[in-house]
Amino acid sequence: MRRTAIKRLWLLIFSAILVTAHALTVETPNKEIQVARGKNVTLPCQFTTEASIESGDIVVWKKIISPNDAVTRYFDGLVQYGQGYENRIQFSGDVNKGDISITINAVTMEDNGTYACSVRLRNDSPRKSAVLSLFVLVAPSKPECNILGTAEYGQTINLTCTSHEGSPKPKYTWQSFDVQNQPRLLQTTEGELITLKNISADTSGFYICTSANIVGTESCNMTVSVMPPSMNIALYAGIIGGVVAAIIVIGILAYCCCCQKDKDTDYEMT
């Protein structure tokens, strides 16, 4: 019994030594990689093992949360490509020496995501993997500036600013200048939308929105002209029109009276 137990113990120790000696490891030196859109990027990944590399060993790169089965595969010296990656991707290292890095050409926004490189060796199981994230950087597109609401005395309006492209997502900052082109403070200076309440003639002026991320900046500007309420303008126009009409009528009546008086005078003299 005791000898059997000792033999089992030595067998476990020997097996552990073999496993440790052949232990497959897969690593990527960078957990996060950033690249500008349109550029080429290398996703690094290496594996180490003491086991011999044989036919039937397989390397797979996959994009996590993707409908495609794999980005690319290496099997028995042959390379296969996933849908949409043909002529865009290649192994850039020596797979037989443990460098399974890949290079993606002309990256697009669709290449954003998390990738996993995995290795399965016949002589060193189980399969091992490592993951890294790829962030494709895009400068903000020129933002669109808009005024929401009616720019009349006492009203509330919103100023909006939106870039339809940008990675990472742009941040928006605002500046304002009065009608004399002098800078002035705003209660809110950040965000895609700022609100101006109880506006007046003093609110009129120029507003500039800047959209920025780590790649670049773009801006747009708008002019805000605050006017009296449209109903009052119509009322004022009606009053002025009425006054003018009254003056014209009074003038005509006065002229007629004067003409009649002159005729009466001429008649009496006759």
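How many helices and strands does the protein chain have? The answer is two helices and 18 strands. Keep in mind as you look around that this is a predicted model.

**The chain as a whole**

- The protein chain has 270 residues, and 31% of them count as buried.
- Take the contacts in the protein chain with a separation of 6 or more: 58% of them come from residues 24 or more positions apart.

**Disulfides**

- A disulfide is a covalent bond between the sulfur atoms of two cysteines.
- The count here comes to three disulfides.
- With the bonded cysteines counted along the chain, the pairing pattern is 1-2, 3-6, 4-5.
- Cys45 is joined to Cys117, with an S to S distance of 1.9 Å, and this link is right-handed, with 65° about the S-S bond. The pair links distant parts of the chain, 72 residues apart: Cys45 sits in the loop between strand 3 (41-43) and strand 4 (46-48), while Cys117 belongs to strand 10 (residues 113-121). Cys45 counts as buried because its relative accessibility is 0%, and Cys117 counts as buried at 1%.
- Cys145 and Cys220 form a disulfide with their sulfur atoms 1.8 Å apart. The torsion about their S-S bond is about 65°, so this disulfide is right-handed. Cys145 is in strand 12 (residues 144-148) and Cys220 in strand 18 (residues 217-224), so distant parts of the chain, 75 residues apart, are linked. Both Cys145 and Cys220 are buried.
- Cys161 pairs with Cys209, at 2.0 Å from S to S. Is the disulfide of Cys161 and Cys209 right-handed or left-handed? It is left-handed, because the torsion about the S-S bond is about -85°. Since Cys161 lies in strand 13 (residues 157-162) and Cys209 in strand 17 (residues 205-212), the pair ties together parts that are 48 residues apart in sequence. Cys161 is buried, with a relative accessible area of 0%, and Cys209 is buried with a value of 0% too.

**Salt bridges**

- There are three salt bridges by count.
- Glu165 and Arg37 meet through their side chains at 3.0 Å, N to O. Glu165 is partly exposed at 38% relative accessibility, and Arg37 is partly exposed at 38%.
- Asp111 and Arg88 form a salt bridge at 2.6 Å, N to O. Asp111 is in the loop between strand 9 (102-104) and strand 10, and Arg88 is in the loop between strand 7 (78-81) and strand 8 (89-91), 23 residues apart. Both of these residues, Asp111 and Arg88, are buried.
- Lys169 forms a salt bridge with Glu192, with the closest N and O atoms 3.8 Å apart. Lys169 counts as exposed at 64% relative accessibility, whereas Glu192 is partly exposed at 34%.

- Ile64, Ile65 and Val131 make a nonpolar surface patch of about 310 Å².
- Val131 belongs to strand 11 (residues 124-137), and Val131 counts as partly exposed because its relative accessibility is 39%.

Definitions and conventions
Residues numbered from 1 in each chain as written. Predicted model: local features only at pLDDT ≥ 70, side-chain atom pairs only at ≥ 80, totals over all residues. Heavy atoms only, no water. Patch = residues over 30% accessible without salt bridge, like charges linked within 9 Å, V, L, I, M, F, W, Y side chains within 5 Å. Areas by Shrake-Rupley, 256 points an atom, 1.4 Å probe, with all protein chains shown as cover. Salt bridge = Lys/Arg side-chain N within 4 Å of Asp/Glu carboxyl O. Helix = DSSP H or I, 4+ residues; strand = E, 2+ residues; numbered from the N terminus. Buried < 20%, exposed > 50% of the residue type's maximum accessible area, 1.4 Å probe, protein only. Contact = heavy atoms within 4.5 Å. Disulfide = S-S within 2.5 Å.
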